[in-house]
Amino acid sequence: FLVYNHHSTRLMSMLTGLQHSHLLQTISSLHIHLDQHDCLEVIVLRGQVGEINKTAEHLISLKGVKLGRINLLAIEGT
């Protein structure tokens with residue numbers, strides 16, 4: 001998940017790009033307006049752990065992100 005300032009246009013572009021990426025499959029996303037400036041974005045991805053971590057760490061480090069966390073879940077047989 002990410003908590004970020006929605007006025008950060010580069011961040012919004014990166015989030016959209018991630019969800020349309022062919023490297024990672026977006027299963028679902030949730031966007032919540034917290035206040036006039038901040039949003040919470042939860043994106044559920046399927047893909048290689050290394051790619052998910054790399055992408056998430058890049059997003060968390062972008063200007064405008066106030067809080068971010070990566071949570072991984074391994075599913076047997078996938």
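This is a predicted model: local features need pLDDT of at least 70, side-chain atom pairs count only at pLDDT 80 or more; totals for chains, interfaces and linings use all residues.

Me: How many salt bridges does the structure hold?

Reply: As a general idea, side chains of opposite charge can pair when their charged atoms come close. The structure holds one salt bridge. Asp-38 forms it with Lys-66, and the closest N and O atoms are 2.8 Å apart. Because Asp-38 lies in strand β3 and Lys-66 in strand β4, the pair ties together parts that are 28 residues apart in sequence.

Me: Is Asp-38 buried or exposed?

Reply: Buried means under 20% relative accessible area. Asp-38, at 12%, therefore counts as buried. Lys-66 has a relative accessibility of 54% and so counts as exposed.

Me: Which residues does Asp-38 touch, not counting those up to four places away in sequence?

Reply: Asp-38 touches Tyr-4, Asn-5, His-6, Ile-32, His-33 and Lys-66.

Me: Which residues of helix α1 are buried?

Reply: In α1, which spans residues 9-19, the buried residues are Leu-11, Leu-15 and Leu-18. They cover an arc of only 65° around the axis, which means that they sit on the same side of α1. Thr-9, Arg-10 and Ser-13 are exposed on the other side of α1.

Me: What covers the buried residues of α1?

Reply: The cover includes strands β1 (2-5), β2 (25-33), β3 and β4 (65-68), together with helix α2 (49-60).

Terms used. Residues are numbered from 1 along each chain as its sequence is written. Side-chain values use heavy atoms; hydrogens and water are left out. Buried means under 20% relative accessible area, exposed over 50%, partly exposed in between (1.4 Å probe, protein chains only). Contact means heavy atoms within 4.5 Å. Helices (H or I, at least four residues) and strands (E, at least two) are DSSP runs, numbered from the N terminus. The arc is that of the directions from the helix axis to the C-beta atoms. A salt bridge is a side-chain nitrogen of Lys or Arg within 4 Å of a carboxyl oxygen of Asp or Glu.
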